[in-house]
Amino acid sequence: AHKTKKPLQIVGATSAYAGRMAQNIGFKSIYVSGGGVALSNLGVPDLGVTGLDDVLVDVRRLTRVTNVPALVDIDTGFGASIFNIER
């Protein structure tokens, strides 16, 4: 991005399939959202219900089938939460 003087476009992908599609059509980087993992892959709202391991499972799957950098947003799972009482 710096050499071409153009912004780096990062596409959101929460699964290995989406990551592979993004790479195949030319994206140079992938964004993985903790909220996207919660909603798309676990079917729960992005309210701190998921933890670090929930996101890492999908990130590992995605990085096994792609070779572009992944920017990962994991903003929950690092401590006590009122939502973890139910888990």
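Val 65 lies in helix H3, where helices (H or I, at least four residues) and strands (E, at least two) are DSSP runs numbered from the N terminus. The model is predicted, so that local features need pLDDT of at least 70 and side-chain atom pairs count only at pLDDT 80 or more, while totals for chains, interfaces and linings use all residues. Residues are numbered from 1 along each chain as its sequence is written, and side-chain values use heavy atoms, with hydrogens and water left out.

At 28% relative accessibility, Val 65 counts as partly exposed; the term covers the range between buried (under 20% relative accessible area) and exposed (over 50%), for a 1.4 Å probe and protein chains only. Residues up to four places away in sequence aside, Val 65 touches Ala 16 and Arg 20, contact being defined as heavy atoms within 4.5 Å. Val 65 and Arg 20 are 45 residues apart in sequence, and their C-alpha atoms are 6.5 Å apart in space.

The protein contains 3 helices and 3 strands, which run β-α-β-α-α-β from the N terminus on. Of its 87 residues, 26% count as buried. Among the contacts with a separation of 6 or more, 55% are accounted for by residues 24 or more positions apart.

The 14 residues of H3 should span 20 Å at 1.5 Å a residue, and the end C-alpha atoms are 21 Å apart, which agrees; the expected span is 1.5 Å times one less than the number of residues. Asp 54, Val 55, Asp 58, Val 59 and Leu 62 of H3 are buried. These residues lie on the same side of H3, because they cover an arc of only 125° around the axis, the arc being that of the directions from the helix axis to the C-beta atoms. An α-helix has 3.6 residues a turn, so residues three or four places apart point the same way. The face of H3 turned away from the buried side carries the exposed residues Asp 53 and Arg 64.

The partners of the buried residues of H3 are helix H1 (16-24), S2, helix H2 (34-42) and strand S3 (70-73). H1 and H3 pack at an angle of about 35°, with their axes 8 Å apart. Here axes are lines fitted to C-alpha atoms, for helices over the stretch in contact, and angles run from 0 to 180 degrees between N-to-C directions. H1 passes H3 in a right-handed crossing, that is, one in which the near helix is turned clockwise from the far one by less than a right angle, anticlockwise being left-handed. In this pair, Ala 16, Gly 19 and Arg 20 of H1 meet Arg 61, Leu 62 and Val 65 of H3. Met 21 also has its place in H1 and is partly exposed, with a relative accessible area of 40%. The C-alpha atoms of Met 21 and Thr 66, 45 residues apart in sequence, are 9.4 Å apart in space.

The largest nonpolar core has 8 residues, namely Ala 13, Ile 30, Val 32, Val 37, Val 55, Val 59, Leu 62 and Val 68. A nonpolar core is a set of buried Ala, Val, Leu, Ile, Met, Phe, Trp, Tyr and Cys residues joined through side-chain atoms within 4.5 Å. Strand S2 (30-33) and helix H3 (52-65) are the elements that give two or more residues to this core, and H3 gives the most, with 3 residues.

Beyond four places in sequence, Ala 13 touches Ala 18, Gly 19, Ile 30, Tyr 31, Val 32 and Leu 62. The C-alpha atoms of Ala 13 and Val 37, 24 residues apart along the chain, are separated by 8.9 Å. With neighbours within four places left aside, Val 37 is in contact with Thr 14, Val 32, Leu 42, Asp 54, Val 55 and Asp 58.

Thr 14 is in the loop between strand S1 (11-12) and H1, and counts as buried at 17% relative accessibility. Residues up to four places away not being counted, Thr 14 touches Ser 33, Gly 36, Val 37, Ser 40, Asn 41 and Asp 58.
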